[in-house]
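My notes follow, in the order I took them.

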Amino acid sequence: MSETSETETARPRGFGSYALALLPLIVFGGIAATAAKMLYDQDFHGKNITEIPSALIGTKAPALALPPLDGANLPALTDAAIKGKLTLVNVFASWCVPCRDEHPVLKELAKDGRLNIVAINYKDQNENALRFLGELGNPYHAIGIDPNGKAAIDWGVYGIPESYLVAPDGTILYKRVGPFDDASLKEGLYPAMEKALGKPAS
């Protein structure tokens, strides 16, 4: 009886056992390879990894029915706030440092009367959001609050700040992950605006 037990104990494990043990290494290797490719594309091919493709581009924008930011004296963010207008939907929060860096750019963009800029205020405190706008200025024509992040999920938000250019007919034309800078304006937003408007963006 003991000889049989010893034989069974010494018997090699099946391939399935080894594969299961190697699974975490395989998953990690896949993640590392993806990250390495992104860095390679950025460094050697000039690709901007912040221009993350979105499955929503070319489709109708998700419905908007967000309550207003109390005290901002601005309309709520609803479908009516963007209907028939070339609109930049910007996702921001007062606690987001890159949002603060981006804000002067949005204020400059707001000077172009052809562009309607609205905001989704993401997981923020009302008082903090008001203080943020009071300190830095308000480029928005409408603000909707998203305290639990549901709207951000609907829009496929990766992180904030994040912006979507929406055509007058409601089609998403362009997406920017991260704050706007000179390069992303010239290479991303402005060409998308030009295409939508049929003339150069100011």
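I started at the helix pair: Cys-99, Arg-100, His-103 and Lys-107 in H4 meet Phe-132, Leu-133, Glu-135 and Leu-136 in H5. I took contact as heavy atoms within 4.5 Å. Helices here are DSSP runs of H or I with at least four residues, strands are runs of E with at least two, and both are numbered from the N terminus.

I sorted the residues of this contact into four nonpolar, one polar and three charged. My classes were Ala, Val, Leu, Ile, Met, Phe, Trp, Tyr, Cys and Pro as nonpolar, Asp, Glu, Lys and Arg as charged, and the others, Gly among them, as polar.

A note on the source: this is a predicted model, where local features need pLDDT of at least 70 and side-chain atom pairs count only at pLDDT 80 or more, while totals for chains, interfaces and linings use all residues. Residues are numbered from 1 along each chain as its sequence is written, and side-chain values use heavy atoms, with hydrogens and water left out.

Next I looked up the geometry of the pair. H4 and H5 (residues 126-136) pack at about 50 degrees, and their axes are 11 Å apart. Axes are lines fitted to C-alpha atoms, for helices over the stretch in contact, and angles run from 0 to 180 degrees between N-to-C directions. That angle makes H4 oblique to H5, since under 35 degrees counts as roughly parallel, over 145 as roughly antiparallel, 65 to 115 as roughly perpendicular and the rest as oblique. I logged the crossing of H4 and H5 as right-handed (the near helix is turned clockwise from the far one by less than a right angle).

Then I turned to the sheet. I found an open one of five strands, ordered E5-E4-E3-E6-E7, with mixed pairing; strands pair if DSSP finds at least two bridges between them. E5 (142-146) and E7 (172-177) are the edge strands, each pairing on one side only. E3 (residues 87-92) and E4 (residues 116-122) run parallel over six bridges, and Asn-90 stands opposite Ala-119 in E4. H4 (residues 97-109) packs on this sheet, touching E3, E4 and E6 (162-166), and its direction makes about 160 degrees with that of E3.

Last entry: is Leu-106 buried or exposed? Leu-106, in helix H4, counts as buried because its relative accessibility is 0% (buried means under 20% relative accessible area, exposed over 50%, partly exposed in between, with a 1.4 Å probe and protein chains only). Leaving out residues up to four places away in sequence, Leu-106 touches Leu-88, Asn-90, Ile-117, Pro-139, Tyr-140 and Phe-180.
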